[in-house]
Protein chains: 2
Amino acid sequence: MSKLAQFTKEQSPHIEDVMVRFITQQTSDTRLAESILYSIHAGGKRVRPLLLVATVAAFDKPVDLPVYQCAAALEMVHTYSLIHDDLPAMDDDDLRRGKPTNHTVYGEAMAILAGDGLLTAAFQLLAMAELAADQKILLLQQLSQAAGTKGMVAGQAADVQGENQALTLEELMGIHARKTGELIRFAVVAGGVLANQSEAVLVELDQFAQHIGLAFQIRDDVLDVISTTEELGKVVHRDDALAKSTYPALLGLEGAKAALTDELTKARQILAHLSTYGQFDATVLAAFIEEFEVKENQ
Amino acid sequence: MSKLAQFTKEQSPHIEDVMVRFITQQTSDTRLAESILYSIHAGGKRVRPLLLVATVAAFDKPVDLPVYQCAAALEMVHTYSLIHDDLPAMDDDDLRRGKPTNHTVYGEAMAILAGDGLLTAAFQLLAMAELAADQKILLLQQLSQAAGTKGMVAGQAADVQGENQALTLEELMGIHARKTGELIRFAVVAGGVLANQSEAVLVELDQFAQHIGLAFQIRDDVLDVISTTEELGKVVHRDDALAKSTYPALLGLEGAKAALTDELTKARQILAHLSTYGQFDATVLAAFIEEFEVKENQ
């Protein structure tokens, strides 16, 4: 088992446990709870919360309940965004990770409410987390900014408007930086905050996160071109069907692969620099970089 | 001009100013900002934030920027809920306060995102407000609980499921307590928190808020029966059209009016008791009770 697979197997249950317990305890409508838990259980790779936990652990800090609460809040924001993103008025997806999407199972009205409920619960969980007051407020500010109208929601809005339009590379990167990049930045920087790191270290973590966030998106576009529906568990070439601009469309497949390699190289360089401070074990974060590579057989 | 009209005229611009400035400064997509500001400008009576401000003022505490920030955050949560509530998959309303609803103007996808953005921005504004850390965390916990999966969103979910079903009075009250009651409770209790009141006073404020919250909903149902479309600026008898249970349907029109009077009487009694503590001017809060009465000519 790879280092990352082992880390995922160890850590994911803790993150999922916090999400499931919180929603179960804090939801007073049975069907609403079912709908939310359906999307939580639908799973996925938990990249964002695992990055948060891995960053805390890299600084040799204890991964305790407040860390999992923060990681769970982040994954809840991500999960709400997928539910709303899949709605007929948005991307109109019937499948997500090989399973029927939330609105397909529970109806559109309940899916909208499940998303609203998850987003609200994410801030509630973080506001109730067992953290020092100042740290908690900083994380609430950062998460709401990352998820909000300069962050993820703004990226979604730009994405919706960009459909059926030819975007420049710069426009495409601007959309992705907000739509997926901001939550990945939050994951890594929040890990640094929870590990009580200095402003200088937080800046480096932020740069690292920006490189892997971009890599993550380029990889997604590249895989979308070269994979089959079966492997990904979702309908492939949808982006193409919606006439969305993608990295392979703008750079060519080889150009996109080269851009991906470039981002991952820069991410590795930052990890190497962080390691010079001592008390920093880059192993797991480096395993994420490995994971983001597109292998020849893919 | 009535006491409440004067208070509204004085205070609403401050609340609206905080909302507009925050969204303008914190939104990076032009169309998204337009869509959000459209619903903010669509107005309404600002009952919730005005109740918050009135409660702070009743205790003779200064109504300063942090109070308006908290009031604005509350109104942003309410505004997001209206945008999502009006969506085709939910109540499918084309008009709200006599104006086309958000999705009618900006499309469903942008309306969903405007709601998501407003909800996120509400927590962001409160997290960035100029409040003491402990007070801010308490208010964030209370607002997220009131708006969340045991509060407003749960009420909406129950409401969606209650459509086309005959509800008992108890079920109807349970839905309203969550769907509209929780944010009204937050308004009044948050006012007490911002005015640094004791736990005992907060409990009385909470009871006061529960009575006027219920009155607010009964009044809405009663007006829905006896008003015309023109007066309300929305399509009347929709609840009837959706076969929803209402107070007049369950209690008869006169029974509903009596229940309304009963709630307002209890609310007045609590204000009278709060006034015995001294340093409490009930004038404006009493004016809200007046406003909630259904006059004979209505």
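## Polar contacts between the chains

Between chain B and chain A there are 18 residue pairs in polar contact, both partners at pLDDT 80 or more. A polar contact here is a pair of N or O atoms within 3.5 Å; within protein, one must be able to donate a hydrogen and the other to accept it, and residues adjacent in sequence count only if both atoms are side-chain atoms. The number of salt bridges between chain B and chain A is zero, a salt bridge being a side-chain nitrogen of Lys or Arg within 4 Å of a carboxyl oxygen of Asp or Glu.

A word on the basis: this is a predicted model, in which local features need pLDDT of at least 70 and side-chain atom pairs count only at pLDDT 80 or more, while totals for chains, interfaces and linings use all residues. Residues are numbered from 1 along each chain as its sequence is written, chains are lettered from A in the order in which they are written, and side-chain values use heavy atoms, with hydrogens and water left out.

## The interface as a whole

Chain B gives 46 residues to the contact, and chain A gives 46 residues; contact means heavy atoms within 4.5 Å. About 4000 Å² is buried between chain B and chain A, 68% of it on carbon and sulfur atoms. Buried area is the accessible area (1.4 Å probe) that two parts lose on being put together, summed over both. In chain B, the residues that lose the most area to chain A are Leu113(B), Thr120(B) and Thr149(B), together 15% of what that side buries.

On the side of chain B that touches chain A, two or more residues come from each of α2 (30–41), α4 (65–85), α6 (108–128), α7 (133–147) and α8 (152–162) of chain B. Helices (H or I, at least four residues) are DSSP runs, numbered from the N terminus. The largest share, 13 residues, belongs to α6(B).

## An enclosed helix, α8(B)

Nine of the eleven residues of α8(B) are buried, so this helix is largely enclosed by the rest of the structure. Buried means under 20% relative accessible area, exposed over 50%, and partly exposed in between (1.4 Å probe, protein chains only). Among the buried residues of α8(B) are Met152(B), Val153(B), Gln156(B) and Asp159(B). The buried residues of α8(B) pack against α2 (30–41) and α6 (108–128) of chain A, as well as α4, α7 and α9 (169–194) of chain B. After α8(B) comes Asn164(B), with a positive phi near 65°.

## Arg46(A), a buried charged residue

Arg46(A) sits in the loop between α2 and α3 of chain A and counts as buried, at 4% relative accessibility. Its side chain makes a polar contact of 2.8 Å with that of Glu16(A) and another of 3.0 Å with that of Glu75(A). Leaving aside neighbours within four places in sequence, Arg46(A) is also in contact with residues including Ser12(A), Met19(A) and Ile40(A).

## Asp60 in both chains

Asp60(A) lies in the loop between α3 (47–58) and α4 (65–86) of chain A. Asp60(A) has a phi near 60°, a positive value in a residue other than glycine, and is exposed, with a relative accessible area of 60%.

In chain B, Asp60(B) is in the loop between α3 (47–58) and α4. The phi of Asp60(B) is likewise positive, near 60°, and Asp60(B) is exposed at 60% relative accessibility.
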